[in-house]
Amino acid sequence: METTQKSYRFCIEPDAPIATLEAALQVVRRLNIELRALRTTSTPHGMEVQMRLAAEEEDILTLCRMRLHNLIGVLPIRLHSCT
């Protein structure tokens, strides 16, 4: 079965970056999305996160992005298409 793959890049505010990252990973897990890559980088303004995700349907990845956007501490999400 083919999967759709997307990469999301966002920053987490410096107040509680580990707890916010854990909440983001819970969103991914609850939606049964495959986490193909995760990279975090500490910056002066918090933590930068890059996630590469895969799911059977693109709608699930869209829902994931919406839920990540609603997490407190997650700044605007940028989408990078994967080929």
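This briefing covers confidence, strand pairing, the nonpolar core and the cysteines of one protein model. The model is predicted: local features need pLDDT of at least 70, side-chain atom pairs count only at pLDDT 80 or more, and totals for chains, interfaces and linings use all residues. Residues are numbered from 1 along each chain as its sequence is written, and side-chain values use heavy atoms, with hydrogens and water left out. Helices (H or I, at least four residues) and strands (E, at least two) are DSSP runs, numbered from the N terminus.

**Confidence**
- The mean pLDDT (the predictor's confidence in each residue, from 0 to 100) is 91 for the protein, and 94% of the residues score at least 70.
- Helix α1 (residues 17–30) has the highest confidence, at a mean of 96, and strand β4 (residues 78–81) the lowest, at 70.
- Where pLDDT is low, the predicted coordinates should not be read in detail.

**Strands β1 and β3**
- Strand β1 (residues 4–12) is largely enclosed by the rest of the structure, because seven of its nine residues are buried; buried means under 20% relative accessible area, exposed over 50%, and partly exposed in between (1.4 Å probe, protein chains only).
- β1 and strand β3 (residues 46–55) run antiparallel and are joined by nine bridges; two strands pair if DSSP finds at least two bridges between them.
- Within this pairing, Cys11 has Glu48 of β3 as its bridge partner.

**Nonpolar core**
- A nonpolar core is a set of buried Ala, Val, Leu, Ile, Met, Phe, Trp, Tyr and Cys residues joined through side-chain atoms within 4.5 Å.
- The largest such core has 20 residues, of which Phe10, Ile33, Val49, Met51, Leu53, Cys64 and Leu68 touch the most other members.
- Two or more residues of this core come from each of β1, α1, β3 and α2 (58–69), with β3 giving the largest share, five residues.
- Beyond four places in sequence, the contacts of Met51 (heavy atoms within 4.5 Å) include Tyr8, Phe10, Ala24, Leu25 and Val28.
- Ile33 lies in the loop between α1 and β2 (34–43) and is buried, with a relative accessible area of 8%.

**Cysteines**
- Taking a disulfide as a pair of cysteine sulfur atoms within 2.5 Å, the count is zero.
- Cys11 is in no disulfide, and the nearest cysteine sulfur, that of Cys64, is 17 Å away.
- Cys64 counts as buried because its relative accessibility is 0%.
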